[in-house]
Amino acid sequence: VGVVAHEVIELMAHELRKRGVELRNGLPEGREVRVRAESGPLHQVLLNLLVNSMHAIDSAGPTRIGWHFIRIAAEERDGDWIISVADSGCGISEANRKNLFKPFFTTKDIGKGTGLGLATSYRIVEGWGGTIEVSSREGEGAEFRLLLPKA
Ligand SMILES: Nc1ncnc2c1ncn2[C@@H]1O[C@H](COP(=O)(O)OP(=O)(O)OP(=O)(O)O)[C@@H](O)[C@H]1O
Ligand SMILES: [Mg+2]
């Protein structure tokens, strides 16, 4: 059983505060988000999403400083938890959206990203019987959603 722990968020909090990015916590209060997954890899997957969002905000540029946010939330739907990470970053072009989950696809400079984060995450999540969805438009931020069976 994997529990979406507030520690994942805590891990990012300092780095985001330094950047003036508002971290919005939409996880249910007083209730654990328990999914059929292993906690270690689950946190790795979430951390990659949060770091991706932070980088996307870095590339969105100074015009938007003052209202940047990353929101992590969870809601129930049927037998699943939908865990979402949304940001106000640079967004993803239609062309890039097709390549997101391909190994070594990255738009980051050499030394900054390997392009393995989402490819690995996708496989891990599929292995749990779940999936990852994305919605994004260039210049308008992005939202990644993990659909995972409830534990
Ligand atoms: N939230 C996001 N907003 C905009 N673009 C994103 C976002 N998340 C991912 N991307 C795009 O998808 C690409 C692939 O992401 P992925 O996590 O697989 O690799 P990476 O972050 O480049 O490298 P790493 O292996 O260190 O994670 C990124 O380089 C970026 O272009
Ligand atoms: Mg990444």
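## Exercises on salt bridges, a magnesium site and a pocket

The structure holds 10 salt bridges, a salt bridge being a side-chain nitrogen of Lys or Arg within 4 Å of a carboxyl oxygen of Asp or Glu. This is a predicted model, in which local features need pLDDT of at least 70 and side-chain atom pairs count only at pLDDT 80 or more, while totals for chains, interfaces and linings use all residues. Residues are numbered from 1 along each chain as its sequence is written, chains are lettered from A and ligands numbered from 1 in the order in which they are written, and side-chain values use heavy atoms, with hydrogens and water left out.

### Exercise 1

Find the protein donors of the magnesium ion (ligand 2) and describe where they sit.

**Solution.** Step one is the criterion: donors are N, O and S atoms within 2.8 Å of the metal (3.2 Å for Na, K and Ca), and since water is not among the atoms, sites may look incomplete. Under this criterion the protein donors are OD1 of Asn48 and OD1 of Asn52, at 2.1 to 2.4 Å from the ion.

An α-helix has 3.6 residues a turn, so residues three or four places apart point the same way.

Step three takes the accessibility, with buried meaning under 20% relative accessible area, exposed over 50%, and partly exposed in between (1.4 Å probe, protein chains only). Asn48 counts as buried because its relative accessibility is 18%.

Step four looks at the helix itself: α2 has 22 residues and reaches 31 Å from its first C-alpha to its last, close to the 32 Å expected at 1.5 Å a residue, the expected span being 1.5 Å times one less than the number of residues. Just after α2, Gly61 takes a positive phi of about 85°.

### Exercise 2

Describe the largest pocket by its volume, and then by its lining.

**Solution.** The search runs on a 1 Å grid over the protein atoms alone, and a pocket is an open set of points where a 1.4 Å probe fits, with protein on both sides within 12 Å along at least five of seven lines; lining residues have an atom within 4 Å of a point. The largest pocket has a volume of about 710 Å³, a volume being the space filled by probe spheres set on the points, which are joined across faces, edges and corners.

Its lining consists of 31 residues, and those nearest the centre are Asn52, His55, Thr106, Thr107 and Lys108. At least two lining residues come from each of α2, α4 (117-127) and β7 (142-149), and α2 gives the largest share, 9 residues. By class, the lining divides into 11 nonpolar, 14 polar and 6 charged residues, where Ala, Val, Leu, Ile, Met, Phe, Trp, Tyr, Cys and Pro count as nonpolar, Asp, Glu, Lys and Arg as charged, and the others, Gly among them, as polar.

### Exercise 3

Compare the salt bridge of Arg19 and Glu15 with those that Glu76 forms with Arg31 and with Lys150.

**Solution.** In the bridge between Arg19 and Glu15, the closest N and O atoms are 2.9 Å apart. Both residues belong to helix α1 (residues 6-19), and because they are 4 residues apart there, about one helical turn separates them. Arg19 is partly exposed at 32%, as is Glu15 at 28%. A network of salt bridges links Glu15, Lys18, Arg19 and Asp58.

The side chains of Glu76 and Arg31 also meet in a salt bridge, at 2.9 Å from N to O. This pair links distant parts of the chain, with Glu76 in strand β4 (residues 69-77) and Arg31 in the loop between β2 (22-26) and β3 (34-35), 45 residues apart.

The salt bridge from Glu76 to Lys150 has its closest N and O atoms 3.0 Å apart. Glu76 lies in strand β4 and Lys150 in the segment after β7, so this pair ties together parts that are 74 residues apart in sequence.

### Exercise 4

Locate Asp78 and Phe104, and state the phi of each residue.

**Solution.** Most residues other than glycine have a negative phi. Asp78, in the loop between β4 and β5 (80-87), has a positive phi of about 50° although it is not a glycine, and Asp78 is exposed at 72%. Phe104, in the loop between α3 (94-97) and α4, has a positive phi near 70° and is exposed at 60%.
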